[in-house]
Structures are given as structure tokens and as C-alpha cells.
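Visitor: I am new to this structure and would appreciate a short tour. May we start with the overall fold and then turn to single residues?

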Amino acid sequence: MTAPGTTADAGADLQVDVVALGESMVTFLPTRPGRLADVPSFERGIGGAESNVACGLARAGHRARWVSRVGTDGFGTHLVEEIASYGVDTSAVRHDPHRPTGIYFRTAGERPTQPPTTESGGAEPPTPLAEVVYYRAGSAASAMSPDTVDLAAVLSGRILHLSGITAALSTGCLALLRALTAPRPGRPLVSFDVNYRVSLWRDRAAAGEILLGLARASDLVFVGEDEAHAAWGITGGPAAIRAALPEPRLLVVKQGAHGATAFAADGTVTSVPALRVDVVVPVGAGDAFAAGFLSATLRGLPVRDRLRHGHLMAAAALTVPGDLGTPPGRAHADRLAALDDTAWGTLRLGPGWTEAARSADEEVRTP
């Protein structure tokens, strides 16, 4: 970790598997169900799409680095120490003595991809949406730009993972993402999760144009079917999204409970249904899916198995209260990913499934 206020070239000489760049924040979760207005106390955690991916990859046995900026406050210290405790390299995180670390409060539920509305259509009750209140304006991470991050450290991995959240934080952050996705000799494989957060964008039309441009400049893109509709007005399913995004070498369209579809540069289309999961809290699945997919990508596995590892990592996140679940052991995940289609379709995973799997693997290895 660099000292507060320094700009040293931190850890750029250590090559890692994946570098994830983006803002992380201290998150406060209600200690009981209810509206934020009614909850008297909160528990502290950490939240950040890119650092979630880095933590998932580190726990899966990969060398992961997180690059960002935090304040010189206690929240920044907590963030860096907590993320490092997962095995993530935080040596390129810079501390800003003039800007605070971002924080936010949220309840359980899905993050909305559309502005709030008072209308309710259909016979089924809508899925509960999370209340999310951000205090990140003017944060240390919002000051990221090509001039304020260690670019050598950012570009030192086999894969560079970015998300559309960063693009919404400031003009400097957007300039940084555009610089990192621009063609350059020796550029790592650029992974981009669209991660459209409606509450972060004032201009929906501008958001769609920006996110589309960044996605088109990336090598591997993750996007939800609902995000594509909300940000770009695309309907017609995964094929229509691919038609709008022909440039990425690999496009992964997440379809919620239906599964995910991957489109490769050679025209191959691979679909894998989602697992049946006893959900504890419906958050963190998207970041975990990306971590599982990237883990399998680093190992050179076939696209079908990459999608399956994404689903397995997502199931690990959905079956715990926080954003970060304990991934299954690699051997167990490989066994599940290798199941035939019928067996895969009958899997049902609930709370504690990854710990039970790890214990079983340990018993097998113990003389």
C-alpha cells in the first residue's frame, strides 16, 4: 500500500492474472428489514463491483490486483485492509488527503435498472427493489484519471477488468476508461461489465452512448438483458444485443434466472441455463458471475465451462447475506461444470453449499 498522498509506482513490476480498476465503498446494511427511514442501526461491509471481482478471483486461487483511490480516513483504511485480506494485491491503491472515501447505504433487493415509477402492471407483485443511497460525490475514487493512477500497474495483468460504473463517476474517470480501452501495443485482454446503474447517470441518453462506446472497444463484455433494454432500448433477446455489439471478441449476455448466452468472434453461440438456487440475498451475483467466468478464461476452459463456472460463482454469492460468497473449491467446481446437461439441470444449491463442498474435498485429501 502506498503512503498517504504519495504517487510512487507501486507494484507495477509484479505481473498478475487480473487487474480490476474501480471505486469501492464502505457499505452500511440495515440490521433488520425495512425502509432506510425506519432502520435504527446498520452493519458495516464493503462494496464495489470491480473489487468484488478481484476478491472472487483471489479466493479462487488467482493473482488479482485492485487499483483505485481512497481517502486518508478510517473508511479508506478499512477498505484497503479488508480487500487485501481476501488475498488481493492493493499496492497500487493511492490515498488522497483531500477527498473522502465513498460510502453508501442499501437494503436487500435487486438494484433497479429503470427510474422509479408509481405504476404497477401485471398480476404478479414486482420484485422488491433495493433502496440505495450513495455518498460518493467528490470521493477520492472520482478523482481517478489517466494522470492520477499508476498506469503501469493497471496494465500489468493478463486481463484488465473494468465496469461502466467508473465511467459515471467523473469526466476524469471516463477519460481513464477511454484511454484504457483504446488500442495499444501489448494491451491486456479488456473485460468490461456494462453495470448500468440508473442512479449514477443524470442523462440516460448520454449514458447509453458512453457505455456502448466502451463496450465496443473492449474484448470481453458482460451485459444483462435488462441492462441492454434500459441503457440502449434493445429488445429481441441476446441475438439483438449481439447485433448492436458485433465488435467484442466475446459477448456474454446475462439473462437472469434463464441463464446466460455467449457469442464468440467465430459466430459460435453458447447458452447455459442458470442453476436453481435458494437465494439468501439477491445481490452480488453479477460480479461473482464475472469472476467465475474470468477464472475459467484464465484457465483456458471452453466457453460452456466458463459460463458454468460463472453460474457456480454467482450461486455462491446468492446463498450468503453479503456481496462476497466463498467460491467452491476448484476441484468441486470442475466436477459440477463437467456434468451432462440433464444433471446440470437438476442441481439445486442452498446456503452453505460451498463450505460443505470444501469440507468434502478436504476429507478426500486427508490420509
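**Overall fold and selected residues**

Guide: In this predicted model, residues 24 or more positions apart account for 74% of the contacts with a separation of 6 or more.

Visitor: How many helices and strands does the protein have?
Guide: The protein has 13 helices and 16 strands.

Visitor: And what share of the residues count as buried?
Guide: Of the 367 residues, 55% count as buried. The protein exposes about 15800 Å², and carbon and sulfur atoms supply 54% of that area.

Visitor: Let us turn to His161. Where does it lie?
Guide: His161 belongs to strand β9, which spans residues 157-163.

Visitor: Is His161 buried or exposed?
Guide: His161 is buried, because its relative accessible area is 2%, and the cut-off for buried is under 20%.

Visitor: Which side chain does His161 join in a polar contact?
Guide: The side chain of Ser191 is joined to that of His161 by a polar contact of 2.8 Å. Leaving aside residues up to four places away in sequence, His161 also touches others, including Val18, Glu50, Asp193 and Leu294.

Visitor: Changing topic, what is the phi of Asn195?
Guide: Asn195 has a positive phi of about 45 degrees, although it is not a glycine. Most residues other than glycine have a negative phi.

Visitor: Where is Asn195 found?
Guide: Asn195 is in the loop between β10 (189-193) and α6 (204-216). With a relative accessible area of 6%, Asn195 is buried.

Visitor: Now the aromatic rings. How many aromatic pairs are there?
Guide: The count comes to eight aromatic pairs. One of them is edge-to-face: Phe28 and Phe75, at 6.0 Å centre to centre with 75 degrees between the planes. This pair links distant parts of the chain, with Phe28 in strand β2 and Phe75 in helix α2, 47 residues apart.

Visitor: How do Phe28 and Phe75 count in terms of accessibility?
Guide: Phe28 counts as buried at 15% relative accessibility, whereas Phe75 counts as partly exposed at 30%.

Visitor: What about Tyr104 and Tyr134?
Guide: Tyr104 and Tyr134 form a tilted aromatic pair, 5.4 Å centre to centre and 40 degrees between the planes. Tyr104 lies in strand β7 and Tyr134 in strand β8, so the pair ties together parts that are 30 residues apart in sequence.

Visitor: Which charged end sits over the ring of Tyr134?
Guide: The charged end of Arg136 does, 4.7 Å from the centre of the ring of Tyr134.

Visitor: Finally, which residues form an aromatic cluster?
Guide: Phe28, Phe42, Phe75, Phe105 and Tyr135 form one aromatic cluster.

How values were computed. Residues are numbered from 1 along each chain as its sequence is written. This is a predicted model: local features need pLDDT of at least 70, side-chain atom pairs count only at pLDDT 80 or more; totals for chains, interfaces and linings use all residues. Side-chain values use heavy atoms; hydrogens and water are left out. Helices (H or I, at least four residues) and strands (E, at least two) are DSSP runs, numbered from the N terminus. Buried means under 20% relative accessible area, exposed over 50%, partly exposed in between (1.4 Å probe, protein chains only). Contact means heavy atoms within 4.5 Å. Accessible areas come from the Shrake-Rupley method with a 1.4 Å probe; for residues, only the protein chains shown count as cover. A polar contact is a pair of N or O atoms within 3.5 Å; within protein, one must be able to donate a hydrogen and the other to accept it, and residues adjacent in sequence count only if both atoms are side-chain atoms. Rings of Phe, Tyr and Trp (its six-membered ring) pair if their centres lie within 6.5 Å; planes under 30 degrees apart count as stacked, over 60 as edge-to-face and the rest as tilted. A charge sits over a ring if NZ of Lys or CZ of Arg is within 6 Å of the ring centre and within 35 degrees of the ring normal.
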